Amino acid sequence: MLLGGLRQLRCQLCTAESTLAPGRWLRSVCSSSGGGSGGRPPFQEREGKAPSFSETRWKDTAETVIIGGGCVGVSLAYHLAKAGMKDVVLLEASELTAGSTWHAAGLTTYFHPGINLKKIHYYSIKLYEKLEEETGQVVGFHQPGSIRIATTPTRVDEFKYQMTRTRWHATEQYLIEPEKVQEMFPLLNMEKVLAGLYNPGDGHIDPYSLTMALAAGARKYGALLKFPARVTHLKPRSDGAWEVETPQGSIRANRIVNATGFGKELFESDLERIMEHVEAAMDMVPVLRKADIINIVSGPITYTPDILPMVGPHQGLRNYWVAIGFGYGIIHAGGVGKYLSDWILGGEPPFDLIELDPNRYGKWTTTQYTEAKARESYGFNNIVGYPKEERFAGRPTKRISGIYNILNSKCSMGFHAGWEQPHWFYKPGHEPGYRPSFQRTNWFQPVGSEYQQVMQKVGVIDLSPFGKFKVRGKDSFKLLDRLFANVIPKVGFTNISHMLTPKGRVYAELTVCQQSPGEFLLITGSGSELHNLRWIEEEIVKGAYDVEIENITDELGVLGVAGPSARRVLQKLTSTDLSNDVFKFLQSKPLTISNIPVTAIRISYTGELGWELYHRQEDSATLYGAIMEAGQDEGIDNFGTYAMNALRMEKAFRAWGSEMNCDTNPLEAGLDHFIKLNKPTDFIGKQALKQMKEKGLKRRLVYLTLETDHVDPEGNESIWHEGKVVGNTTSGSYSYSIQKSLAFAYVPMELSKMGQKVEVELLGKNYPATIIQEPLVLTEPTRTRLQKKAENSQV
């Protein structure tokens with residue numbers, strides 16, 4: 001990335017790839033004119049003692065105590081106080097900016113490859129543009145713009161991929177030709193340049209000055225910032241509050257936010273470790289060879305395993321929030337401060353940001369795993385980011401199913417919340433292994449074979465990564481009736497239910513099964529296990545429900561069996577009658593399969609005849625072996641999650657995290673069938689939904705077909721109509737039945753009618769698309785019901 005001129009280039013060498021130990025960041029400052037602010041060398045101004053502006057007053061109680069005085073913690077204090085919260089206290093162990101803020105490069109970029117974090121970056125920059133005027137504090141903000149350089153065709157494809165994922169956002173971003181790149185930055189060696197990705201408004205800010213400005217704003221609006229004030233102990237109280245102990249005294253806080261980092265320590269300088277990358281930079285910008293290196297700083301930063309910070313309330317601890325693990329705290333600080341402030345004050349996240357959920361890590365996240373992933377994430381910081389990306393360091397964790405060792409050599413595994421799960425299986429004559437691409441790659445034809453396997457025969461899929469909770473107690477029905485917008489299923493039945501936020505947005509989707517009176521099995525996707533558990537636990541406390549909830553995710557394995565021959569195969573292994581009239585769709589029964597006790601639910605995300613078999617994890621291999629042996633005559637085989645996605649797309653099944661999340665409401669997502677506004681219980685979000693229904697919707701989820709050439713929609717691509725971007729896809733796949741691409745997309749209501757023509761942008765090209773009636777393929781229960789109806793009408 002290039003930032004306007006030579007002086008700004010100092011920041012780019014800071015992010016050179018290296019093979020450093022986790023948490024280390026070796027930075028080379030290669031500008032003779034400095035550039036932090038005011039033209040001084042960037043670290044001289046920060047190496048002195050920070051101004052002592054800690055107030056002498058003390059509070060014994062606080063609404064919120066923030067622990068950590070880096071830019072993120074101070075930003076949160078500023079936003080909470082500005083929004084009107086009284087009694088906001090920030091405690092810093094030494095001095096403000098003493099953590100990685102102190103030696104940060106201060107890059108501020110609109111660009112981010114993730115969809116949701118673009119909003120965080122955008123807000124931060126807009127805040128920093130006006131912060132000096134608001135607070136009277138100089139922030140040293142420079143916005144020359146930036147250009148990311150592509151020197152390979154694959155990188156050009158990545159730029160095109162990112163362009164279509166940006167057009168429906170507010171951020172300005174342009175794909176520019178080499179001639180324009182040279183015009184904007186004539187110092188560049190143009191021999192290898194194929195394209196540039198240009199973001200006007202990108203730049204850099206002085207981290208110290210930024211933090212001081214946020215601190216001034218926080219004080220202006222009433223926050224108390226205390227330093228040095230080291231937190232020595234945290235004690236949770238029975239009422240949900242916390243005792244925060246410091247040498248100066250104790251504070252009782254209604255909530256605490258951990259925004260801590262490593263202090264002001266530096267490592268020994270070692271320029272040789274990154275000379276390969278410094279020389280590469282000099283090749284790209286030859287004038288750098290004449291520049292003086294005035295300072296070398298090797299400072300620690302915090303890195304999570306996936307390079308993203310941990311932001312939000314923590315499962316298992318009441319009123320304990322975190323804002324930690326920031327590898328890029330300067331650009332994230334403003335937006336995260338606003339995001340957390342809105343969540344704390346509003347009772348729900350202002351928009352979907354589940355990739356930062358601190359609860360994405362569980363007990364399976366060991367020190368060894370964290371170290372391996374931090375090294376990998378740092379080293380891969382600037383590599384090409386592909387769709388369906390997999391990274392393999394630290395894998396597998398202890399979260400492997402009972403059939404992992406049986407399947408591992410036969411398939412390409414994906415990583416899901418610590419679990420290994422088959423994405424697709426190798427077929428004779430096709431290239432095995434992980435081969436990432438922006439177009440159809442080596443998995444395309446094998447996935448088609450798996451699709452046909454389920455549609456024509458019978459397939460088995462490992463679904464063990466599902467999150468699974470047992471709920472019981474005298475208030476269990478009352479609790480779930482409050483949590484879910486659907487009715488609670490009767491004993492022996494199951495349904496799909498949604499937890500909504502108070503504002504009527506979709507917080508989660510779960511399968512709810514009442515196994516016996518007052519005893520429920522709740523099932524959710526692997527990525528939302530602790531995300532959902534925290535929400536449920538919070539409601540239990542809030543409503544004082546007499547309920548026990550147990551997370552049994554790791555104890556239960558799950559095998560899915562689906563396809564027209566599924567019943568025939570399973571019937572060989574059980575004495576329980578599996579016929580359609582006896583074991584109905586959405587029924588749940590305890591039974592034995594080859595003498596192994598299972599809970600069988602007649603449901604399948606494929607939309608075909610199928611069962612999900614819940615069993616003890618230690619029985620998985622035996623159960624799998626028995627099913628595969630029994631299905632030999634039926635041609636049984638494995639299938640993975642890629643084929644399941646193609647199958648669910650043809651049935652027009654929505655996916656949480658794509659078609660529905662905290663950015664959407666269930667009415668616009670087409671979930672009306674699962675939302676029971678007429679049920680007596682005032683479930684969470686009910687009143688908000690009624691108001692939405694009265695006002696009418698502004699957009700709607702639609703179902704598209706499009707003809708493409710070697711590329712399929714993934715989700716988050718731009719939708720065009722008459723030369724303007726009007727919406728975005730949410731997910732997509734190839735339909736092996738009609739040999740066209742399928743996608744879900746949100747468009748304005750006036751463009752949501754059947755037959756409406758739009759365009760979907762994929763890799764720099766707009767493909768014609770048509771809104772069609774959903775689903776493309778009827779589900780098996782619907783086909784069976786219509787067949788019976790036709791037979792009865794003939795009789």
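User: In this predicted model, how should I read the open sheet of three strands, and in which order do its strands lie?

Analyst: As a general idea, the strands of a sheet pair through backbone hydrogen bonds, and the pairing is either parallel or antiparallel. Here, in a model that is predicted, the three strands of the open sheet follow the order E5-E7-E6, and their pairing is antiparallel. Strand E5 (146-150) and strand E6 (174-176) stand at the edges with a single partner strand each, so one side of each has no neighbour in the sheet. On average, neighbouring strands of this sheet are turned by 25 degrees against each other, with direction ignored.

User: How many bridges hold the pairing of E5 and strand E7, and which residue stands opposite isoleucine 149?

Analyst: E5 and strand E7 (residues 195-199) pair in the antiparallel sense over five bridges, and glycine 196 in E7 is the residue that stands opposite isoleucine 149.

User: Which helix lies across E5, E6 and E7?

Analyst: That is helix H4 (residues 153-164), which runs at about 135 degrees to E5 while lying across E5, E6 and E7.

User: What is the strand order in the open sheet of six strands, and what is its pairing?

Analyst: The six strands are ordered E25-E26-E27-E24-E18-E28, and the pairing in this open sheet is mixed. Its edges are strand E25 (588-593) and strand E28 (637-638), each of which has a single partner strand, so one side of each is left without a neighbour in the sheet. Within the sheet, strand E26 (residues 596-601) and strand E27 (residues 610-616) run antiparallel and are joined by three bridges, with threonine 599 standing opposite tyrosine 614 in E27.

User: Turning to the second largest pocket, which residues lie nearest its centre, and which element gives the most to its lining?

Analyst: The second largest pocket holds about 640 Å³ of space and is lined by 24 residues, with Asn319, Arg534, Glu538, Glu539 and Lys542 lying nearest its centre. Strand E15 (320-324), helix H8 (329-346), helix H12 (476-483) and helix H13 (529-543) are the elements that give two or more residues to this lining, and H13 gives the most, with seven residues. Sorted by class, the lining of this pocket has 11 nonpolar, five polar and eight charged residues.

User: Is glycine 723 buried or exposed, and where is its place?

Analyst: Exposure is read from the relative accessible area, and a residue counts as exposed when that value is over 50%. Glycine 723 is exposed because its relative accessible area is 57%, and its place is in the loop between strand E30 (718-721) and strand E31 (724-735). Between glycine 723 and glutamate 759 there are 36 residues of separation in sequence and 9.4 Å in space, C-alpha to C-alpha.

How values were computed:
Residues numbered from 1 in each chain as written. Predicted model: local features only at pLDDT ≥ 70, side-chain atom pairs only at ≥ 80, totals over all residues. Heavy atoms only, no water. Helix = DSSP H or I, 4+ residues; strand = E, 2+ residues; numbered from the N terminus. Buried < 20%, exposed > 50% of the residue type's maximum accessible area, 1.4 Å probe, protein only. Pairing = 2+ DSSP bridges. Axes fitted to C-alpha atoms, helices over the stretch in contact; angles between N-to-C directions. Contact = heavy atoms within 4.5 Å. 1 Å grid on protein atoms, 1.4 Å probe; cavity = no way out; pocket = protein on both sides within 12 Å on 5 of 7 lines; lining within 4 Å. Points joined across faces, edges and corners; volume = space filled by probe spheres on them. Nonpolar A, V, L, I, M, F, W, Y, C, P; charged D, E, K, R; others polar.
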